[in-house]
Amino acid sequence: MNSDVQDHHPAVPHAARGTSHQSVPSNSTVTTVNDNSMVPFNLDATDTTTPPNGAYDIDTDDANLPEPRHLLERIPTVLQPSIPWRKRLMHFTFAWYTVTLSTSGVSLVLAITPHRFRGLSTIGLVIFLLDLLFFLVITASITLRFVLYKGTFRRAFTRPNEALFVPTFFLSIAAILCNVAEYARIFIFNDDISYGGSHSSNNSTASSLPAFATFLCIAFWFFSALTFLASVIQYHLLFTVKAERRLSLTTITPAWVLPIFPVMLIGTLAGSFSRTQPPESAMAMICAGLAAQGLGLLVSFFFFSSYLSRLMAFGLPAQRPGMFIAVGPPSFTGAAVISMASDIPRVFSQLQESRVAILTGVGDMATLTAGVKLGAIWLGVFLWGLGFWFFVSAVAGCVAGMRDKRFHLSWWSMVFPNVGFTIASIKIGTGLGSEGVLWMGSGMTVALVLAWAFIGYRCVRAVVKREIVWPGHDEDS
């Protein structure tokens with residue numbers, strides 16, 4: 001199982017174990033049959049071998065799914081007979097969207113990193129296009145899994161191990177939309193997509209900006225409604241899941257905040273899209289983004305209190321890379337608030353005072369907007385400290401060693417939450433005019449690219465070595 005969400009294995013009676021078996025690696029499983037011989041999992045859907053009572057959760061809706069039988073010992077997967085890719089596809093879970101989320105994050109950071117060289121934007125665009133390919137392939141694979149194994153659709157939303165990763169689909173969409181805005185700004189609109197800005201260099205691209213702004217506006221409100229509804233539904237499913245599948249506070253990890261994470265990115269989208277909108281639309285977008293950012297951050301804080309209690313009482317989780325997820329909420333919030341506040345001077349200057357109550361009677365508009373921007377920067381710095389603490393704690397946990405050193409898709413958590421941390425650092429450095437902080441942001445960008453490349457290599461290797469997309473090794477276990 002590649003998640004610390006519910007870290008347990010079926011108990012094996014001592015009498016059922018052979019006395020001559022040696023200790024073997026823990027990256028695969030085998031089963032026992034009536035003649036006490038050891039054989040690999042039978043993945044044939046016609047297998048009717050019945051395990052001992054209580055050895056697995058009985059669910060009539062899953063009756064047609066091939067499942068591992070009574071777990072006895074583990075042998076290396078490379079020694080097991082190969083199985084068709086069609087059957088391996090049954091274990092292709094929503095956690096694979098962490099790949100596209102991380103890749104989008106890297107391309108986004110490359111688009112805004114402050115210290116640039118010629119060709120950097122092109123490199124970022126290539127990575128973004130590669131991410132779009134990944135997104136299509138992963139979506140097609142998961143869809144095919146649901147078509148071939150119909151029971152897996154329901155299991156994906158009701159088994160907590162995989163259900164907690166369903167929101168990575170929405171997070172990937174949010175990251176893709178942010179990339180669309182940034183690379184359209186760079187390659188189509190000559191670095192200026194602001195409403196009412198100067199677009200004189202190319203009349204054809206300037207005329208297409210209103211249509212592009214309309215697309216971003218529709219995408220923003222649709223994404224906002226969808227992710228808010230999805231977060232409510234998903235937490236409700238987790239609240240009402242069967243008692244034997246329910247999550248335990250003894251195994252809580254930062255992954256528990258993932259269902260509310262897409263709501264937080266509404267603020268990130270608002271900070272990126274509002275500059276393309278007319279003042280009334282931009283004001284509505286910023287207010288919605290701020291409300292969503294507050295909702296996501298506060299819900300995350302509620303979970304983090306239990307998470308820290310778990311660390312004190314039960315120690316570090318088995319999957320240490322997942323600790324980096326805690327870096328995301330404060331970092332993305334700080335970055336989003338600063339981005340939204342940066343558009344306030346433009347919005348207030350274009351709005352009529354009578355349209356906004358807070359502007360009525362204000363004599364010095366420049367002072368008001370400067371105060372909003374300053375407050376946002378202070379809030380960003382305030383939250384940056386929390387993100388940095390979670391980052392150092394996660395690094396310390398990984399350096400201290402992991403019980404399970406095999407690759408898991410949770411390793412991508414070392415990339416996508418730190419994208420928010422890097423963006424927050426860049427926004428703070430820009431707001432404070434600090435060259436040192438900006439160079440730190442550029443250094444973090446380089447580290448992110450290296451981490452992304454290394455984890456990508458390990459991910460491909462893990463598929464080939466049968467460490468993932470294999471029975472008993474994925475979030476559907």
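Predicted model: local features only at pLDDT ≥ 70, side-chain atom pairs only at ≥ 80, totals over all residues.
Residues are numbered from 1 along each chain as its sequence is written, and side-chain values use heavy atoms, with hydrogens and water left out. Helices here are DSSP runs (H or I, at least four residues), numbered from the N terminus.

**Enclosed space**

- On the bookkeeping side, the grid is 1 Å over the protein atoms alone, a cavity is a set of points where a 1.4 Å probe fits but cannot get out, and lining residues have an atom within 4 Å of a point. Points are joined across faces, edges and corners, and a volume is the space filled by probe spheres set on them.

**Open space**

- The second largest pocket comes in at about 700 Å³, a pocket being an open set with protein on both sides within 12 Å along at least five of seven lines.
- I112, R275, S339, S342 and K427 are the closest to its centre, out of 29 lining residues.
- Helix 2, helix 6, helix 8, helix 10, helix 12 (365–399) and helix 13 each give at least two residues to the lining of this second largest pocket, and helix 10 has the largest share, with seven.
- By type, the lining of the second largest pocket holds 14 nonpolar, eight polar and seven charged residues.

**Helix 10**

- Helix 10 (residues 328–342) runs for 15 residues and spans 21 Å from first C-alpha to last, close to the 21 Å expected at 1.5 Å a residue (that is, 1.5 Å times one less than the number of residues).
- Because 14 of its 15 residues are buried, helix 10 is largely enclosed by the rest of the structure (buried means under 20% relative accessible area, exposed over 50%, partly exposed in between, with a 1.4 Å probe and protein chains only).

**Aromatics**

- The whole structure has 26 aromatic pairs: rings of Phe, Tyr and Trp (its six-membered ring) with centres within 6.5 Å, called stacked under 30 degrees between planes, edge-to-face over 60 and tilted for the rest.
- F220 and W221 have ring centres 5.0 Å apart and planes at 85°, so they're an edge-to-face pair. F220 is buried at 0% relative accessibility, whereas W221 is partly exposed at 36%.
- One aromatic cluster is made up of F94, Y97, F135, F146, F153, F157, F169 and F170.
- R88 sits over the face of W85, 4.3 Å from the ring centre (the rule: NZ of Lys or CZ of Arg within 6 Å of the ring centre and within 35 degrees of the ring normal).

**Positive phi**

- R466 isn't a glycine, yet has a positive phi of about 65°; R466 is in the segment after helix 14 (435–464) and is buried at 16% relative accessibility.
- V469, also in the segment after helix 14, has a positive phi of about 50° without being a glycine, and is buried at 4%.

Definitions and conventions: Nonpolar A, V, L, I, M, F, W, Y, C, P; charged D, E, K, R; others polar.
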